[in-house]
Amino acid sequence: MFKRIYIDNYKSLVNFDLRLQNLTLLVGQNGAGKTAVLEVVYALRRLLEGVARVTDRDVFPPSSRTRWQEQAVQVFQVEVELDGDAFQYRLDVEHDRWERRARIILETLSMKEGPLFRFAGGDVQLYRDDHSEGPTFKSDWRESALARVVPVEKNLALTRFLEFMRGVLVCSLNPPVLASEATGEDLILARDGRNFVDWYRHLLQERQHLNPEFIQVLGRVLVGLRGLRLERVGFDTRVLSAGFGDADEAHEYRFHELSDGQRALVVLYAITLLTAGQGMALFIDEPVNYVGLREIQPWLIALSDACGSALPQAVLCSHHPEVIDYLGGDRGVLLWRDGVGPTRVESLADGVEHLNRSSPLRLSQLMARGWER
């Protein structure tokens with residue numbers, strides 16, 4: 001799981017240091033930097049997948065630099081704990097303002113005991129699991145050199161970190177774009193969820209034993225739901241349908257025919273229940289935007305129960321009062337800014353501790369009045 005994320009010179013995030021629990025809620029006003037944190041995590045995942053470069057049209061473009069600074073270098077660090085082992089990853093991206101181009105000038109991965117990888121000046125130095133020096137090679141300044149490392153028996157620790165980062169799920173769910181058809185199997189859910197059916201098709205192949213519980217829980221949330229079915233309609237094409245009703249009167253609807261809220265719930269419960277045991281970290285932006293009031297807390301309970309056991313970690317960003325009241329007291333992290341200055345971080349509970357003793361208002365009501373600090 002992520003223990004710490006450090007970001008410098010990215011939008012409003014300057015010398016920004018965020019500590020995370022196995023379940024964390026990021027709160028704050030619009031423009032405070034919550035989504036920017038998820039953008040960085042998503043960009044790092046894509047770099048380490050080897051599918052993105054630091055360019056104008058990809059990740060960490062020049063426009064992502066903090067506007068009021070002249071500093072040319074952006075710094076990103078993550079500390080990750082996997083099975084008791086602590087990993088530290090660092091990426092420095094340098095921007096040339098005149099040529100409007102970016103390049104990676106430093107990329108490192110280490111453990112407490114010593115280094116695992118270092119890229120600087122176009123040269124890569126690999127280290128073995130015992131931290132002794134291994135092979136060297138040249139790499140492109142625009143892409144992650146770490147992503148190019150081929151797994152071998154002597155760099156298992158490095159490979160474990162890469163597999164974790166490549167499995168991080170970053171989602172800002174947009175139910176209106178969710179379709180019913182799957183033309184293949186996707187290993188990772190797209191950021192807006194648009195490939196959910198392809199992802200669900202993959203999960204059914206890999207996680208079939210978890211599907212009955214998933215359908216059972218969904219049946220309690222979506223009244224009348226009997227099950228989900230992937231029907232073959234072409235050589236490689238499958239269509240997801242949801243069956244409602246009982247034996248006497250049953251109806252079937254294609255996934256895109258469900259309401260936005262129903263589709264959102266299917267995706268949220270799939271993320272929570274069908275990823276169990278995969279060691280996956282979840283970062284979800286405004287998860288309950290389309291969800292009905294009485295359906296929010298049951299999902300939060302399911303998520304809370306899973307985090308730290310079947311599901312290693314979840315980080316949520318939300319303005320919703322139900323989410324704030326349920327998680328904010330002991331899981332809330334407040335991001336705030338003075339005007340257009342840098343983003344600051346503090347515990348939400350610490351910010352309102354003096355008010356909680358005397359005020360009958362809920363945490364969300366305190367925030368609605370601007371009293372969170």
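1. How many helices and strands does the protein have? There are 9 helices and 18 strands, where helices (H or I, at least four residues) and strands (E, at least two) are DSSP runs numbered from the N terminus.

2. This is a predicted model, in which local features need pLDDT of at least 70 and side-chain atom pairs count only at pLDDT 80 or more, while totals for chains, interfaces and linings use all residues. Residues are numbered from 1 along each chain as its sequence is written, and side-chain values use heavy atoms, without hydrogens and water.

3. On overall form, the C-alpha trace spans about 70 × 60 × 40 Å along its principal axes.

4. The largest pocket has a volume of about 600 Å³. A pocket is an open set of points on a 1 Å grid over the protein atoms alone, where a 1.4 Å probe fits, with protein on both sides within 12 Å along at least five of seven lines; lining residues have an atom within 4 Å of a point. Points are joined across faces, edges and corners, and a volume is the space filled by probe spheres set on them.

5. The largest pocket is lined by 20 residues, with Glu163, Phe164, Gly167, Gln278 and Gly279 nearest its centre. β4 (73-82), α2 (156-166) and α3 (196-206) each give two or more residues to this lining. By class, the lining has 9 nonpolar, 4 polar and 7 charged residues (Ala, Val, Leu, Ile, Met, Phe, Trp, Tyr, Cys and Pro count as nonpolar, Asp, Glu, Lys and Arg as charged, and the others, Gly among them, as polar).

6. The second largest pocket has a volume of about 210 Å³. Its lining includes Leu126, Tyr127, Pro135 and Phe137, and β8 (123-127) and β9 (133-138) each supply at least two of the lining residues. The lining divides into 7 nonpolar, 1 polar and 3 charged residues.
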